[in-house]
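Here is a short report on one protein chain. Please keep the sequence and the 3D view open while reading.

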Amino acid sequence: MNYLPVYYFIAALIVGACNQKTIEQKTLNTFPNITVFDVQRKISAKNDILLLDVRNEAEFQGPLGHITGAVLIPIQELDQRVDELNGHKEKEIIVICRSGNRSQRGTRILSSHGFNAVNMLGGMMAWNDLQ
């Protein structure tokens with residue numbers, strides 16, 4: 001009896017399962033982003049958004065400054081303080097940090113709690129480049 005077709009079938013199942021795992025992994029690692037240009041446009045249009053800065057107090061007040069009206073909740077406190085944002089569930093929350101790394105983490109945290117959160121690409125460094 002020729003088992004070659006059976007081996008091909010099993011190999012195809014294994015490859016398909018591995019590809020599905022890769023697709024699921026990529027899906028889990030994605031999150032919405034927004035450019036500083038689009039953030040500036042939303043602010044100018046007076047869209048109902050919340051700017052959430054996840055840097056620490058010293059950075060918020062420091063040389064890069066902060067966007068007027070931004071709420072400060074440092075990333076290391078966000079998981080414990082997420083309930084403070086419950087009144088903003090209907091808003092788009094734009095998460096900001098220095099360069100865009102901590103805000104990615106903040107976006108994931110908020111999204112996992114049911115918020116409509118987006119990561120501002122480039123953070124305050126990119127924001128200040130616009131000024």
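## Overall fold

Residues 24 or more positions apart account for 64% of the contacts in the protein chain with a separation of 6 or more. Contact here means heavy atoms within 4.5 Å. This is a predicted model: local features need pLDDT of at least 70, side-chain atom pairs count only at pLDDT 80 or more, and totals for chains, interfaces and linings use all residues. Residues are numbered from 1 along each chain as its sequence is written, and side-chain values use heavy atoms, with hydrogens and water left out.

The protein chain has six helices and five strands. Helices (H or I, at least four residues) and strands (E, at least two) are DSSP runs, numbered from the N terminus. Along the sequence the pattern reads α-β-α-β-α-β-α-β-α-β-α. The chain has 131 residues, and 34% of them count as buried. Buried means under 20% relative accessible area, exposed over 50%, and partly exposed in between (1.4 Å probe, protein chains only).

## The sheet

Five strands form an open sheet. Their order is β1-β5-β4-β2-β3, and the pairing is parallel. The edge strands are β1 (33–34) and β3 (71–72), and each pairs on one side only. Two strands count as paired if DSSP finds at least two bridges between them. Strands of a sheet pair through backbone hydrogen bonds, either parallel or antiparallel.

Now the individual pairs. β4 (residues 92–96) pairs with β5 (residues 116–120) in the parallel sense, over four bridges. Ile-93 stands opposite Ala-117 in β5. The bridge partner of Val-95 in β5 is Asn-119. β2 and β4 are also parallel, and five bridges join them. In that pair, Leu-50 faces Ile-93 of β4, and Asp-53 stands opposite Ile-96 of β4. β2 and β3 run parallel and are joined by two bridges. There, Leu-52 stands opposite Val-71 in β3.

## Two buried strands

How many of the five residues of β4 are buried? Five of the five are, so β4 is largely enclosed by the rest of the structure. Both of its faces are covered. Glu-92, Ile-94 and Ile-96 lie on one side, Ile-93 and Val-95 on the other, and all are buried.

β2 also has five of its five residues buried, so this strand is largely enclosed by the rest of the structure. Ile-49, Leu-51 and Asp-53 point one way from β2. Leu-50 and Leu-52 point the other way. All of these residues are buried.

## Where α2 meets α6

Helix α2 (residues 36–44) packs with helix α6 (residues 123–130) at an angle of about 70 degrees, with their axes 9 Å apart. That makes α2 roughly perpendicular to α6. Axes are lines fitted to C-alpha atoms, for helices over the stretch in contact, and angles run from 0 to 180 degrees between N-to-C directions. Angles under 35 degrees count as roughly parallel, over 145 as roughly antiparallel, 65 to 115 as roughly perpendicular and the rest as oblique. The crossing of α2 and α6 is right-handed. A crossing is left-handed if the near helix is turned anticlockwise from the far one by less than a right angle, and right-handed if clockwise.

On the α2 side, Val-36, Phe-37, Val-39, Gln-40 and Ile-43 make the contact.

Val-82 is found in the loop between α4 (75–81) and β4. Is Val-82 buried or exposed? Val-82 is buried, with a relative accessible area of 4%. Not counting residues up to four places away in sequence, Val-82 touches Leu-110, His-113 and Phe-115. Glu-59 is found in helix α3 (residues 57–61). Leaving aside neighbours within four places in sequence, Glu-59 is in contact with Gly-65, Arg-98 and Arg-102.

Lys-46 lies in the loop between α2 and β2 (49–53). Lys-46 is exposed, with a relative accessible area of 71%. Its phi is near 60 degrees, a positive value in a residue other than glycine. Most residues other than glycine have a negative phi.
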